[in-house]
Amino acid sequence: MQMNAQMADRSSAAELSELVISIGQRLLAAQATTAIPVIQEILHELREFFGVDHTCLRYTDHTIRASLMVAESPVRESVPDPDPMACVYFEGADEVFAQAEHSVVTVSVRPGDGSAKRYQEQVREVARLAWGEEAVAALTGASVLATPLVVGPRPVGFVSLTKFGDMVFTADEVEAMNAIASMLTQLKSRIEAEESLIYSTMHDDLTNLSNRRALIGHLEERLQTRQPGLIAFFLDVDRLKTINDFLGHDAGDRFIRVIAKRLKDHSEPRDMIARLGGDEFIIVPAQPMSFEIASKHAERLRKLVSARVSIGAEPVSRTVSIGVTMAEAGDTASDVMRRADQAMLAAKAAGGNEVAVFTDEMRKLHALRDDVEFHLGSAIQNDALTLHYQPEVDLRSGRILGVEALVRWQHPSRGLLLPESFVGTAESANLAGALNRWVVRRAAEQWVRWRDAGIIDDDFGMRVNVSPVQLVSVNFVDDVATIVSDVGIDPKALCIEITEHVLVQDLDRARVTLEALKHLGLKTAIDDFGTGYSSFTHLKQLEVDQLKIDRSFIQKRGRSPDDLAIVTSIVDLAESFDMSVVAEGLETQIGLETLLSVGCTRAQGRLLAPPTPVEDVTQVLADRVIDLGPR
């Protein structure tokens, strides 16, 4: 009779419906960031509404076969460390937890329930910890209603109501708890979907490391604290393309995953490790570092990445170039990443497998590059560039055989810039085509002006160096043909010079371009010959008129036996292919005599004439002969 009276005093179906609707509205509005406080509030309301002593929500992790505490009410004031309730493994657990692993129906337990003896003993232990020995003495047991959260055929957790003492839950109450559990399940699924989406937008698909977006967010947050010693390491694997080319892109991906795992395993848990894509990584340690410590750490990273990796049956290894920078006052995330990238490029330019720390010299260099990239396009359009000309001379007579057109930029604030200051940037900024067209056209126009003024003859040569990037461009030959036609230069007077390195890198494309230029009637020369390791076989495949010996073999006064042997070999090689030879960088009289002694009769260099503006070189050309001094 007493139990029936208790049940009669309990809430009506209407009140239960209101409770379910109210909870549903709050759960529907909850998001990943607000879910736990909302759940905590709902558990507190359920405890008061049903008049129970404890409520909790737990999720099931089937991978480790355990039940994990999400929230509870009341929140325990004293929680032991480790907390035995935080993670309860199903293996060896009491009856209620054991059922919760697989049960998709409500589990109900009351005092005296012989099938839940271990659970009742644990309830008494919890009561003893919470209220003391007297409470345990008066405790007859506990009643629990554990309502599962179910996704498909599988339970993913449960919400429980626990009363110390005997309590019977009505059918309406069980139904209400089923509805609430269903809504908690929906919230769990929605939060997991949100977290999965957030994770995918903040992590790299291939390696599961953080991505660029996550890295920028992390850096911006760290920079706001203005903590000194924030270091960034920029890692770029050297020559990964070789693995992709010979073993396939799947092998390259496996290699990257191994490197990513190494970096993760050998870093602190709070370190930021991000993959920017391809073979580029950035590491931002959680702990501040000095440059000295950072340099040592970078060396450890370099050795770590360079260790061999087994890709199937193939043991492979790649070196890595690492750039190091430290955050400065007022930096943005982009500033830090850009400086780390610039330091890495310096390491790669040094041959790779190096560590480079960002310096003020790099700052000046890259400030120049940024300036060039921003202004070069308009300088080309506005005719703000200029050409200097360096004569090519017959070493036997001093007769000027031609000139080489060398581009210069009279920068409004930086003064006269040589090609090495802006040609590389032009190539990376897709301005090489416009720059080459400008140089070829202006050089051709100047040749025509000299010819029309009677200063030069039709056999006078005009040499133009072209960018390696342009040489393999599909429009290059057409651009040259248009200029020759527009300007009216004699095609055989125009010589296009290409560097030897281009031949080695893309022999097939170079051959096609050289044949097309030959068909137009132009002459061609291989510049910097002797440094690119092109072979006898290469020359046999190419229609080239001239070899230009690299200045590095000439500037040592002709006294190095090795250099002299190379120069002699080049002269002999050119003669066997019916090519002429020009030596670059002639600066000494002994160098001149040495060249003549090995049969090289044509040269350029400061001993003969430096590159000079058009007005000065025009005066030199009027005589058509340069005094070679006593011999």
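Helix α3 (residues 35-50) buries A35, V38, I39, I42, L43, L46, R47 and F50, where buried means under 20% relative accessible area with a 1.4 Å probe and protein chains only. The structure is a predicted model, in which local features need pLDDT of at least 70, side-chain atom pairs count only at pLDDT 80 or more, and totals for chains, interfaces and linings use all residues. Residues are numbered from 1 along each chain as its sequence is written, and side-chain values use heavy atoms, with hydrogens and water left out.

The 16 residues of α3 reach 22 Å from first C-alpha to last, close to the 22 Å expected at 1.5 Å a residue, the expected span being 1.5 Å times one less than the number of residues. Helices here are DSSP runs of H or I with at least four residues, strands are runs of E with at least two, and both are numbered from the N terminus. The buried residues of α3 pack against α2 (13-29), β1 (54-61), β2 (66-73), β6 (154-164) and α7 (171-202). Just after the helix, G51 adopts a positive phi of about 70°.

Turning to the aromatic residues, a search of the whole structure finds four aromatic pairs. Rings of Phe, Tyr and Trp (its six-membered ring) pair if their centres lie within 6.5 Å; planes under 30 degrees apart count as stacked, over 60 as edge-to-face and the rest as tilted. Y389 counts as buried because its relative accessibility is 2%. W450 also forms an edge-to-face pair with F460, at 6.5 Å centre to centre and 85° between the planes. F460 lies in the loop between α15 and β17 (461-465), so this pair ties together parts that are 10 residues apart in sequence.

What of the nonpolar core: which residues touch the most other members? In the largest such core, of 75 residues, they are L376, L385, M462, L494, I549 and L595. A nonpolar core is a set of buried Ala, Val, Leu, Ile, Met, Phe, Trp, Tyr and Cys residues joined through side-chain atoms within 4.5 Å. Helix α15 gives the most to this core, with nine residues. Apart from it lies another core, of 32 residues, including I42 and V52.

Notes: Buried means under 20% relative accessible area, exposed over 50%, partly exposed in between (1.4 Å probe, protein chains only). Contact means heavy atoms within 4.5 Å.
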